[in-house]
Amino acid sequence: SLPNPSCTLTVGDEKRDTATKKHTAAPSFKEIYTLNIEEGDACDVTVEVKDHFSLSPKTLGVVRLRDLQAHLSNRQPFRAWYPLQPPGASSSRPLVPPKRAPGEAEVVEEQPLGSVQLLFRWRHNPAQEPDLLGGLEDFPEKPANEVLILIGRARNLRATTEKIEEKDKAAEHTHL
């Protein structure tokens, strides 16, 4: 059985939810969220992927990113795939992986729970300033005051634990 996934984005006290996609292990969310964040504010990001197979959604996996502002200071969009961690995992990762030494092989992480694609861009929005009016274009001479986060796609998502266990039990009975 395939999951019915959705994502919950959390930055500080703000939470945003994507729509639920039906019966897919590779959903395409393509939802953009704009969050007001001033330079110097703590900016850690959590994306929780849930399965809405039953009345009570179950967490499939989590991505926790730290130091968002440090890696977006150039205001260039940044997009990457992040492996999901088990729901209880408390470790976080930097937005950008550390640079490899010359000749060092690329480390390919296992992704048993699947992965999610995220895009980030930090910019200045004059509408967030009470004294200025304007559109949503960027003003490089002004300090950034908002971050755009796109939850793009997910891939290789697994069904929730209960469904996997039921599937395994059914397989055992057929082998008996």
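**Ground rules.** I number residues from 1 along each chain as its sequence is written. Because the model is predicted, I note that local features need pLDDT of at least 70 and side-chain atom pairs count only at pLDDT 80 or more, while totals for chains, interfaces and linings use all residues, and that side-chain values use heavy atoms, with hydrogens and water left out.

I then listed the contacts of F120 (heavy atoms within 4.5 Å), leaving aside neighbours within four places in sequence, and among them are V45, L65, L72, P77, F78, Y82 and I149.

**Rings.** I searched for aromatic pairs (rings of Phe, Tyr and Trp, the last by its six-membered ring, with centres within 6.5 Å; planes under 30 degrees apart count as stacked, over 60 as edge-to-face and the rest as tilted) and found zero. I did find the charged end of R155 over the ring of W81, 3.7 Å from its centre, where the test asks for NZ of Lys or CZ of Arg within 6 Å of the ring centre and within 35 degrees of the ring normal.

**Backbone angles.** Most residues other than glycine have a negative phi. I noted a positive phi near 45° for H23, in the loop between strand 2 (14-17) and strand 3, and one near 50° for K30, which lies in strand 3. H23 is exposed at 55% relative accessible area, and K30 is exposed at 61% (buried is under 20%, exposed over 50%, partly exposed in between, with a 1.4 Å probe and protein chains only).

Strand 1 and strand 2 pair in the antiparallel sense over four bridges, pairing being counted when DSSP finds at least two bridges between strands. V11 has E14 of strand 2 as its bridge partner, and G12 takes a positive phi near 60° in this hairpin, which has two residues between the strands.

**Loop.** P143 lies between strand 8 and strand 9 and is partly exposed at 45%; its C-alpha is 7.9 Å from that of R123, 20 residues away in sequence.
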